[in-house]
Amino acid sequence: MRIQKRSLADEVAGQIKDYIRSGRYVAGQQLPTEPELMKQYGVGRSSIREAVRMLANSGLLRVQQGLGTFINEFVEDNETLHQRLNRAAAKDIDEVRQLLEIKIAQKAALNRTQQQLDVIEGFLNERIQASQQEKIEECIQADINFHVSIAMASGNEILADMYHAFSSRLKSWFLQIYPDTTTFIQTNDLHKSLFESIRDGNEEQALRYARQILKH
């Protein structure tokens with residue numbers, strides 16, 4: 001397949017990127033050698049090297065001296081956070097969620113409104129009731145809603161959106177790691193204390209209870 005002379009390095013880079021996007025080249029696969037690429041695209045060595053350099057700079061290729069050039073995982077240039085989370089490991093998502101959780105507790109204690117407190121308390125009560133009734137799916141959903149509502153009360157829309165995006169992917173993961181509501185029952189008092197510290201505007205206490213919940 002020969003390429004029309006226009007911007008040869010750009011054309012070659014575009015063709016390689018199309019192959020990666022289509023799955024003809026897959027993550028971890030070694031790119032063909034320079035002579036093979038020269039023959040495949042009908043261009044000189046300098047054009048191949050420039051195309052590889054551009055794709056390596058963009059993160060699509062990984063050049064390992066003495067070993068060759070390898071394909072990295074393809075990520076669309078305009079990939080949304082939701083799309084990125086869909087291909088992320090649940091444990092990685094949960095780790096980031098936990099980092100955010102401490103900050104939202106602190107901010108909620110400073111910025112919550114009475115209406116937001118009512119919503120938070122409602123989900124807390126649902127969590128407690130579902131855990132005591134051993135309804136694990138309802139309990140997990142109430143727990144997620146409780147923390148999301150705290151994020152909404154943080155007063156920082158970006159922080160709240162980020163937390164919501166991460167938390168929305170966790171229900172199936174929680175169902176895998178929590179066979180019953182025992183852990184939720186054990187942490188009901190901590191969650192109640194977290195709510196009360198936010199209600200009372202006690203930033204320091206909110207931070208402390210948020211950290212205790214994450215350590216449990």
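**Salt bridges in close-up**

**View 1. E34 and R49 in a predicted model.** E34 forms a salt bridge with R49 (a side-chain nitrogen of Lys or Arg within 4 Å of a carboxyl oxygen of Asp or Glu), and their closest N and O atoms lie 2.8 Å apart. The pair links distant parts of the chain, with E34 in helix α2 and R49 in helix α3, 15 residues apart. Helices (H or I, at least four residues) are DSSP runs numbered from the N terminus. R49 is partly exposed at a relative accessible area of 48%; buried means under 20% relative accessible area, exposed over 50%, and partly exposed in between (1.4 Å probe, protein chains only). The model is predicted: local features need pLDDT of at least 70, side-chain atom pairs count only at pLDDT 80 or more, and totals for chains, interfaces and linings use all residues. Residues are numbered from 1 along each chain as its sequence is written, and side-chain values use heavy atoms, with hydrogens and water left out.

**View 2. E34 and R45.** A salt bridge also joins E34 to R45, with 2.6 Å between the closest N and O atoms. Here E34 belongs to helix α2 (residues 34-41) and R45 to helix α3 (residues 45-57), distant parts of the chain 11 residues apart. E34 is partly exposed at 25% relative accessibility, and R45 is partly exposed at 38%.

**View 3. E101 and R97 in helix α5.** E101 and R97 form a salt bridge whose closest N and O atoms are 2.5 Å apart. Because the two are 4 residues apart in helix α5 (residues 90-111), about one helical turn separates them. E101 is buried at 5% relative accessibility, and R97 is buried at 9%.
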